[in-house]
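The following note sets out some points on the structure shown below.

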Amino acid sequence: MSPVATRAKLHVAMVVFQTGYAGNHVIMRFALNLGVSKLVFPLYRTIIALSVLAPSAYFLEKKERPAMNTSLLIQFFLLGLVGITLNQGFYIFGLDNTSPTFASATENAVPAVSFLMAALLGIEKVELKRRDGIAKVVGTFVSVAGSLVITLYKGPTIYEPSQRIMDQSIVNGGSEGEEENKNWTLGCLCLMGHCLCWSSWIVLQSPLLKKYPARFSFISCSCFFAVIQFFGISAYFERDVESWKILSGGEVYALLYTGLVGSAMVFAIQIYVVERGGPLFVSAYLPLQTLVAAVLATFALGEHFYLGGMIGAILIISGLYLVVMGKSWESQALIIIQKDVLKTDFPEFDLVVANIPYNISSPLVAKLVYGSNTFRTATLLLQKEFSRRLLANPGDSDFNRLAVNVKLLADVKFVMDVSKREFVPPPKVDSSVVMITPKEVKPDVDVREWLAFTRTCFGKKNKTLGSMFRQKKKVMELLSLSEVGITTNASDVVEEEGDNRVLCLDTDASVFKERVIGILKSNGFEDKRPSKLSHGELLRLLSLFNQAAIFFHSLPMDLHDY
């Protein structure tokens with residue numbers, strides 16, 4: 001599919017997204033007019049969304065979902081509390097006291113508030129000497145000012161519709177009575193809390209997504225905990241059984257729309273567009289939601305337009321576009337860093353496209369793969385011979401320590417060969433382009449121990465492991481390293497003997513050698529060669545050695561040790 005067609009699909013997707021979510025404001029207002037419980041309704045809505053998202057997560061991410069642990073469960077619980085429970089709670093109480101138009105308008109502050117929080121936490125960089133930094137800061141303040149106008153100034157009615165699509169019998173009362181019962185200031189404050197929770201959710205989920213990149217599973221887990229939280233809150237405050245009943249077809253329709261469209265569909269489209277167009281593409285369409293919500297609320301519910309809301313909406317939309325333009329200019333900014341690439345810390349980056357000096361290929365690839373920066377892909381022009389070694393698999397004649405170390409944490413893909421005749425002046429060797437993509441799920445292994453282990457095994461990769469570890473020099477070296485490893489991890493390998501703590505260490509080299517060979521024999525590794533072993537087999541062998549208090553590293557390593 002051409003880039004133009006792909007971009008067109010993103011535009012269509014965002015129009016559907018914003019139209020659907022604008023309808024969510026109107027449908028929620030309609031449901032409130034029907035008298036639904038403001039605590040039970042979001043519980044049912046989240047259950048419906050979870051019933052759609054959970055099966056999608058199970059089937060679509062079955063092979064790539066990381067293992068769950070206690071820390072992740074706690075983080076999902078907190079994100080469900082902030083991003084769904086409190087978020088929707090503030091929203092529904094705010095909407096009940098304002099209107100769909102204003103609820104939609106205040107949500108335009110979310111990108112600016114998210115940027116402000118990200119900047120304070122150091123996630124977003126702000127350069128006040130550049131136009132992109134100035135635009136982001138000014139846009140944030142303008143958007144916040146718009147939110148304050150909506151909150152503190154209602155103003156006169158500037159437009160009052162003469163009729164509504166949903167008649168009086170459907171909405172249980174006239175428009176004038178509804179307006180009199182609204183606490184505008186309380187409603188706006190709740191909507192500000194809604195925006196703050198939504199912004200916090202966006203900012204706080206960013207670091208968690210790096211550790212748990214399965215997005216559908218991420219959302220499903222958050223929804224699951226939100227269901228539990230909503231149920232607890234509703235069970236405590238809503239003691240009237242009637243509040244838990246669905247009494248009309250209108251309530252059923254409202255639940256289905258808000259659950260399937262307002263939650264499940266919106267999440268799915270947002271993930272699709274963010275992955276392909278980026279967050280700025282999503283943010284740029286937020287003002288469309290305000291316009292659609294205003295039109296729908298006017299004709300469907302007979303809502304009034306107020307001067308304060310109009311002024312605030314204009315300020316919020318203006319501030320939003322300043323932030324969006326600032327992000328756009330930031331992405332276009334060129335920053336030149338003239339330093340030794342192996343000695344300097346990398347700034348944050350997403351993509352690498354480079355023609356690097358061939359003499360630093362190995363340490364630079366190691367720095368990219370084993371460094372602290374999280375990136376999407378690195379496309380590199382390398383010496384052809386080096387790229388072949390990097391691409392080699394177990395059993396290939398070129399399979400080596402470089403390939404086994406890099407492919408532990410990343411996938412390497414061949415792109416194309418480049419002849420030396422393509423350069424002027426031509427170099428002495430041919431080149432190849434490869435693409436390195438970090439793996440989403442990385443093995444749980446001590447990196448220094450792994451690198452020292454592969455250095456030992458691949459020193460003579462075609463010898464059997466049995467003959468390699470029978471060499472006296474190798475045994476003495478390993479014994480010395482294991483002494484250091486045991487001393488460092490003494491709490492794990494000590495025994496009590498009266499009042500004395502005695503290290504479980506074989507000081508006799510022959511006994512130590514028998515222990516090493518015994519591990520190889522009993523697990524079928526004695527006659528195997530390192531160049532034929534897969535990552536899984538190498539990781540298992542290292543684990544067996546470590547469990548027997550046999551260690552391979554003692555000192556910190558530099559890039560040239562990779």
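1. Rings of Phe, Tyr and Trp (its six-membered ring) are taken to pair if their centres lie within 6.5 Å; planes under 30 degrees apart count as stacked, over 60 as edge-to-face and the rest as tilted. The model is predicted: local features need pLDDT of at least 70 and side-chain atom pairs count only at pLDDT 80 or more, whereas totals for chains, interfaces and linings use all residues. Residues are numbered from 1 along each chain as its sequence is written, and side-chain values use heavy atoms, with hydrogens and water left out.

2. Y58 and F59 form an edge-to-face pair, because their ring centres are 5.0 Å apart and their planes stand at 85°. As to accessibility, buried means under 20% relative accessible area, exposed over 50%, and partly exposed in between (1.4 Å probe, protein chains only). Y58 is therefore partly exposed at 40%, and F59, at 63%, is exposed.

3. The rings of F76 and Y212 are also edge-to-face, since their centres lie 5.2 Å apart and their planes are at 80°. This pair links distant parts of the chain, 136 residues apart: F76 belongs to helix α3 (residues 70-97), and Y212 to the loop between α9 (184-211) and α10 (215-237). Helices (H or I, at least four residues) and strands (E, at least two) are DSSP runs, numbered from the N terminus. F76 is buried, with a relative accessible area of 0%, and Y212 is buried at 1%.

4. Ring pairs join W450, F453, F469, F545 and F552 into a cluster.

5. Helix α17 (residues 401-409) is largely enclosed by the rest of the structure, because nine of its nine residues are buried. These buried residues, including R401, N405 and K407, pack against α15 (361-370), α16 (384-391), β5 (410-418), β6 (431-438), α18 and α22 (535-547), contact meaning heavy atoms within 4.5 Å.

6. Helix α18 (residues 447-457) contains V447, which is partly exposed at 32% relative accessibility. V447 and N405 lie 42 residues apart in sequence and 9.5 Å apart in space, C-alpha to C-alpha.
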